[in-house]
Amino acid sequence: MSAALTTPPAPSATDPAVTDPAVGGTATGGTAAGGTTATGTAAGEPAKQRSPWWRFGLLVVLLGACAGSLLLWSPTELLSGGLADRMPGYWFAPLFAVVYAVGTLAFVPRPALNALAGLLLGIQQGVLLAVLGTTLGAALAFGLGRGLGRQALKPYLRGKVLGALDQRFTDQGFRSVLVLRLLPGLPFQAGNYGAAFSGVRFLPFLFATAIGVVPTTAVYVVAAASADRPGSAAFLVSAGVIALLVLGSLVGLWRAAAARRRARTA
């Protein structure tokens with residue numbers, strides 16, 4: 001008499017508990033080992049998706065606070081209100097650079113800060129410290145923008161135009177930032193945060209900024225330093241260059257507006 005052979009039933013996918021020897025544990029309720037669901041979504045992933053926008057919101061609040069602080073203080077009044085006479089030169093120079101940098105974060109126009117440098121410090125020291133303050137302010141803005149805003153805005157840099165710009169700044173960072181700084185009429189702060197949101201690296205951005213802002217900085221510093229001699233060659237040349245920069249800015253705005261009109265009618 002032959003014995004009946006019986007085969008144990010295979011475990012069903014709907015069983016409440018299935019032991020997996022490969023992982024040495026039990027996966028229950030369709031949840032894989034490691035704390036992920038059947039769709040592969042980690043338990044903490046939604047919080048990670050929200051965190052870039054929390055940081056971006058913090059960036060907006062910080063920049064708004066910097067701009068609003070000008071209701072309580074003024075860089076020009078702080079530096080020109082007798083502070084230069086009360087402080088030794090070796091303290092005033094770094095203080096000027098720091099106040100200049102913070103002023104750029106508060107969206108104070110650079111021409112006004114450059115003119116102040118020319119009036120207080122003269123041409124040589126004024127140009128040097130204005131370039132130093134500009135570079136320091138750009139570094140601070142870049143750090144804030146890259147640390148608090150890049151991850152939130154990165155998904156929006158995948159379009160045809162923005163994606164191409166992001167790729168160009170990533171591959172040719174120094175050259176792209178240098179051209180950005182030499183363009184007349186482009187707001188300094190917009191260049192800072194635009195570069196921070198792109199893929200350009202920090203050191204190329206910093207060196208290109210330090211070199212690219214020299215011409216426009218020198219023009220405003222020289223014009224202010226020689227304003228008491230309106231017939232001098234230095235003042236006339238610098239004033240002429242400033243007029244050309246203003247004209248170039250207006251032409252650039254006009255061409256941008258014309259391009260937008262053509263795009264709407266196309």
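Predicted model: local features only at pLDDT ≥ 70, side-chain atom pairs only at ≥ 80, totals over all residues.

**Entry 1: a charged pair.** I looked up Arg150 and noted that this residue is buried, with a relative accessible area of 11%. Which residue forms a salt bridge with Arg150? I found that the partner is Asp166, and that the closest N and O atoms of the two are 3.6 Å apart. Since a salt bridge here needs a side-chain nitrogen of Lys or Arg within 4 Å of a carboxyl oxygen of Asp or Glu, I could follow why this pair was counted, because 3.6 Å falls within that cut-off. Arg150 lies in helix H6 (residues 150-153) and Asp166 in helix H7 (residues 160-171), so the pair ties together parts that are 16 residues apart in sequence. Asp166 is buried as well, with a relative accessible area of 14%. I then looked for the total, and the structure holds 1 salt bridge. As a reminder to myself, side chains of opposite charge can pair when their charged atoms come close.

**Entry 2: the chain as a whole.** I stepped back to see what the chain is built from, and I found 12 helices and 2 strands. Of the 266 residues in the chain, buried residues make up 33%.

Entry 3: How many of the 10 residues of H9 are buried? I noted 8 of them, so this helix is mostly covered, given that buried means under 20% relative accessible area. The buried residues of H9 include Phe188, Tyr193 and Phe197, and Gly191 and Asn192 are also among them. I went on to Ser198, which lies in the loop between helix H9 (188-197) and H10. At 5% relative accessibility, Ser198 counts as buried, and the side chain of Ser198 reaches the backbone nitrogen of Val200 at 3.4 Å.

**Entry 4: a nonpolar patch.** Which helix gives the largest share of the nonpolar patch? I found that helix H10 (residues 202-212) does, with 4 residues. I picked Leu203, whose place is in helix H10, and noted that Leu203 is partly exposed, with a relative accessible area of 49%.

Entry 5: Is Ser226 buried or exposed? I found Ser226 in the loop between helix H11 (214-225) and H12, and Ser226 is buried, with a relative accessible area of 0%. A polar atom of the side chain of Ser226 lies 2.6 Å from the backbone oxygen of Val222. I then followed the chain into helix H12 (residues 233-265), where Arg261 lies. Arg261 is partly exposed, with a relative accessible area of 43%. On the surface, Arg261 gathers with Arg255, Arg262 and Arg264 in a patch of positive charge.

Entry 6: I looked up Phe107, which lies in the loop between helix H4 (89-105) and helix H5 (110-148). Phi of Phe107 is near 65°, and I marked this as a positive value in a residue other than glycine. At 39% relative accessibility, Phe107 counts as partly exposed. I also checked Ala112, which lies in helix H5 and is partly exposed, with a relative accessible area of 37%. Ala112 and Tyr220 are 108 residues apart in sequence, and I noted 8.4 Å between them in space, C-alpha to C-alpha. My last stop was Ser74, in the loop between helix H1 (45-68) and helix H2 (75-80). A polar contact of 2.9 Å joins the side chains of Ser74 and Thr76. Ser74 and Ala106 are 32 residues apart in sequence, and in space I noted 10.0 Å, C-alpha to C-alpha.

Key. Residues numbered from 1 in each chain as written. Heavy atoms only, no water. Patch = residues over 30% accessible without salt bridge, like charges linked within 9 Å, V, L, I, M, F, W, Y side chains within 5 Å. Areas by Shrake-Rupley, 256 points an atom, 1.4 Å probe, with all protein chains shown as cover. Lys, Arg positive; Asp, Glu negative; His and termini not counted. Charge placed at Lys NZ, Arg CZ, Asp CG, Glu CD. Buried < 20%, exposed > 50% of the residue type's maximum accessible area, 1.4 Å probe, protein only. Polar contact = N/O pair within 3.5 Å; in protein donor to acceptor, adjacent residues only side chain to side chain.
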